[in-house]
Amino acid sequence: MITANYHTHTARCQHAKGEDRAYVEEAIAGGLKVLGFSDHCPWVFPKEYVSRTRMRPEELDDYFTSLEQLRREYARDITIYIGFEAEYVPDMMEEQRRLLEGYPIDYRILGEHFTENEMHSVYTGFPSNDASALQRYVDLVIEALETGDYLYPAHPDLMHFTGADEIYDEQFRRLCVYCKEKQFPLEINLLGLVESRHYPSRRFWKIAEEVGNSAIIGCDAHTPDRLSNQKYIRMCEDWAAQFHLPLVQMLPNFGTK
């Protein structure tokens with residue numbers, strides 16, 4: 001049984017379902033002691049563009065108001081943190097920083113779904129044999145983690161590289177070695193495992209096993225039941241065991257940034 005989950009979405013991202021309260025109550029029912037909300041972080045886009053995969057900037061107030069109220073209400077039962085799953089896109093970071101300034105953000109996890117502005121970029125989960133795209137993905141993940149603003153990389157094997165094995169190995173080994181040296185756990189993504197997506201990837205996690213990485217289970221909950229389904233959580237635990245990866249249960253020493 002896991003005791004903490006830092007990868008939880010809300011209906012604001014437009015592809016998750018359920019009320020905020022339902023996520024909290026399912027987390028408590030599942031035995032969690034810590035629940036981190038990390039909905040998809042908004043970007044500052046031109047007015048004519050509306051992302052279909054993340055909350056809108058005007059929803060930020062409601063996000064924090066709702067979750068802060070639940071944090072107070074359920075304080076005796078569970079610790080609630082309020083954060084984001086966010087990409088790292090260097091030329092967009094300053095505008096995002098100004099957008100988020102003043103909000104009491106506890107943490108971020110890194111979900112590199114795009115390596116450029118979403119408006120003219122390709123989702124990193126689409127199959128690609130472009131070696132330069134894989135290299136850029138790994139470069140950006142490492143650069144993002146170097147900032148100190150992210151707890152860990154969510155679904156680090158999201159980049160769906162279909163090219164040569166030696167290129168795959170070279171680039172993802174570089175990422176795994178970095179995370180090992182800097183003590184970032186790699187996320188075993190429950191959503192991807194349960195839905196049989198291309199991640200978690202066996203060839204990625206074989207590299208992680210060889211490097212000696214640690215892992216953390218991220219429910220990537222888009223419905224409340226994913227926080228309490230012990231069968232699904234055991235699947236993730238079994239995945240870690242297959243690759244002899246020590247599991248990090250709870251992340252200490254972080255707070256509002």
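Is T124 buried or exposed, and what is its relative accessible area?

Mentor: The model under discussion is a predicted one. In it, T124 has a relative accessible area of 4%. That value is under 20%, the limit for a buried residue, and T124 is therefore counted as buried.

The position of T124 along the chain may be described next. T124 belongs to the loop that runs between β4 (107-110) and α4 (131-146). Leaving aside residues up to four places away in sequence, T124 is in contact with E112, H113, F114, T115, Y137, L158, M159 and H160.

Some of these neighbours lead on to another residue, E87. Among the residues that E87 touches, with those up to four places away in sequence again left out, are E112, H113 and F114. The contacts of T124 likewise include E112, H113 and F114. E87 also touches W43, R54, M93, L110, G111 and Y150. E87 is situated in the loop between β3 (79-86) and α3 (93-100). Its relative accessibility is 1%, and E87 is therefore counted as buried. The side chain of E87 makes a polar contact of 3.2 Å with the side chain of R54. A separation of 9.8 Å lies between the C-alpha atoms of E87 and P42, although 45 residues part them along the chain.

V44 is partly exposed, its relative accessible area being 32%, whereas E87 is buried. The loop that holds V44 lies between β2 (34-40) and α2 (60-73). Beyond residues up to four places away in sequence, V44 touches M92, E95, Q96 and L99. From V44 to E116, 72 residues along the chain, the C-alpha separation is 13 Å.

M93, one of the contacts of E87, also belongs to the lining of the second largest pocket. This pocket has a volume of about 280 Å³. Thirteen residues line the pocket, and those nearest its centre are M93, R97, L100, R108 and D149. Helix α3 supplies the largest share of this lining, with 5 residues. By class, the lining has 6 nonpolar, 2 polar and 5 charged residues.

The largest pocket holds about 400 Å³ of space. Its lining has 24 residues, and H15, H40, L191, R197 and H222 are the ones nearest its centre. These 24 residues divide into 6 nonpolar, 9 polar and 9 charged.

The residues that line the largest cavity are I2, A4, I216, I217, L247, V248 and Q249. Of these, 6 are nonpolar and 1 is polar, with no charged residue present.

The largest nonpolar core has 67 residues, and F84, F172 and W205 have the most contacts inside it. Helix α4 gives the most to this core, with 8 residues.

Finally, some points of backbone geometry deserve attention. Most residues other than glycine have a negative phi, and most peptide bonds are trans. H155 has a positive phi, near 25°, and is not a glycine. H155 lies in the loop between α4 and α5 (165-182) and is buried, with a relative accessible area of 2%. D220, also not a glycine, has a positive phi of about 50°. The loop that contains D220 runs between β6 (215-218) and α8 (230-242). D220 has a relative accessibility of 3% and is counted as buried. The peptide bond between Y199 and P200 is cis, with omega about 0°. P200 is placed in the loop between α6 (190-194) and α7 (202-211).

Conventions
Residues numbered from 1 in each chain as written. Predicted model: local features only at pLDDT ≥ 70, side-chain atom pairs only at ≥ 80, totals over all residues. Heavy atoms only, no water. Helix = DSSP H or I, 4+ residues; strand = E, 2+ residues; numbered from the N terminus. Buried < 20%, exposed > 50% of the residue type's maximum accessible area, 1.4 Å probe, protein only. Contact = heavy atoms within 4.5 Å. Polar contact = N/O pair within 3.5 Å; in protein donor to acceptor, adjacent residues only side chain to side chain. 1 Å grid on protein atoms, 1.4 Å probe; cavity = no way out; pocket = protein on both sides within 12 Å on 5 of 7 lines; lining within 4 Å. Nonpolar A, V, L, I, M, F, W, Y, C, P; charged D, E, K, R; others polar. Core = buried A, V, L, I, M, F, W, Y, C linked by side-chain atoms within 4.5 Å. Points joined across faces, edges and corners; volume = space filled by probe spheres on them.
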